[in-house]
Amino acid sequence: MQNDLQAIQLFLKQHKVATLCGVDDGMPFCFNCFYKFVESKMLLVFKSAAGSRQARIFGEGTPVVGTILGDHLALHHNEGLRLEGGITTSPEICDGAHKTYHLQYPAAVLMKGFLFVVELRSIQLTKTIAGCRDKQCWNRIL
């Protein structure tokens, strides 16, 4: 299980763009965003414009699902990650997350909008190498 977590954390640190999904008036809604992974707390942080659809629908506790694809995709050699979590505004959880995001993306300081924190709850990393598939999983212990 520890090796699964290490592989998942490494993948999240190596990539920058996620596709996140929520529900808006009963309909699924997806968008792409640059994220910062906060390894110590298993969080994803992203920024969105104040008038965006996701800014309107993502409040405290809103469920979020998403995917992150590896950079090199081929039929018999690829990797990707599926995640589940929820938006949190808890000061204990979010402490330092916003600063960490702006350290990774300094230009984002100039962009108007909101920072959102996704507390990850479940992750599955799937790797296919030479047609052989391997899955590594992590679940937050509640």
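This is a predicted model: local features need pLDDT of at least 70, side-chain atom pairs count only at pLDDT 80 or more; totals for chains, interfaces and linings use all residues.
Local features were taken at pLDDT of at least 70 and side-chain atom pairs only at pLDDT 80 or more, while totals for chains, interfaces and linings use all residues. Residues are numbered from 1 along each chain as its sequence is written, and side-chain values use heavy atoms, with hydrogens and water left out.

Helices (H or I, at least four residues) and strands (E, at least two) are DSSP runs numbered from the N terminus. Two strands count as paired if DSSP finds at least two bridges between them. Strands β1 and β2 pair antiparallel, over 8 bridges. The two strands form a hairpin, with 2 residues between them. In the turn, D25 has a positive phi of about 50°. β1 also runs antiparallel to β4, joined by 3 bridges. Here L20 has G66 of β4 as its bridge partner.

A disulfide joins C21 to C30, with an S to S distance of 2.5 Å. The criterion is a pair of cysteine sulfur atoms within 2.5 Å. The whole structure holds 1 disulfide. The link of C21 and C30 is right-handed, with 100° about the S-S bond. Burial was assigned from relative accessible area (buried under 20%, exposed over 50%, partly exposed in between; 1.4 Å probe, protein chains only). C21 counts as buried because its relative accessibility is 17%. C30, at 46%, is partly exposed. C94 is in no disulfide. Its nearest cysteine sulfur, that of C33, is 15 Å away. C94 is buried, at 11% relative accessibility. For C137, the closest cysteine sulfur is in C132, 18 Å away, so the distance is too far for a bond. C137 is partly exposed, with a relative accessible area of 32%.

Aromatic pairs were assigned next. Rings of Phe, Tyr and Trp (its six-membered ring) pair if their centres lie within 6.5 Å; planes under 30 degrees apart are stacked, over 60 edge-to-face, and the rest tilted. The count is 8 aromatic pairs. F29 and F31 are stacked, at 5.9 Å centre to centre and 25° between the planes. Both F29 and F31 are buried. The ring centres of Y101 and Y105 are 5.0 Å apart and the planes lie at 50°, so this pair is tilted. Y101 is buried at 5% relative accessible area. Y105 is buried as well, at 16%. A cluster of F29, F31, F46, F58 and F116 is linked by ring pairs.

Nonpolar cores are sets of buried Ala, Val, Leu, Ile, Met, Phe, Trp, Tyr and Cys residues joined through side-chain atoms within 4.5 Å. In soluble globular proteins, nonpolar side chains tend to be buried together. The largest core in this model has 29 residues. L12, F46, L81, L120 and I123 have the most contacts inside this core. Elements that each supply at least two of its residues include α1 (2-14), β2 (27-38), β5 (77-88) and β6 (114-129). Contacts were defined by heavy atoms within 4.5 Å. Residues up to four places away in sequence aside, L81 touches I8, F11, L12, G66, T67, I68, I123, Q124 and L125. Another core, of 10 residues, lies apart from the largest one. Among its members are A97, Y101, Y105 and A108.
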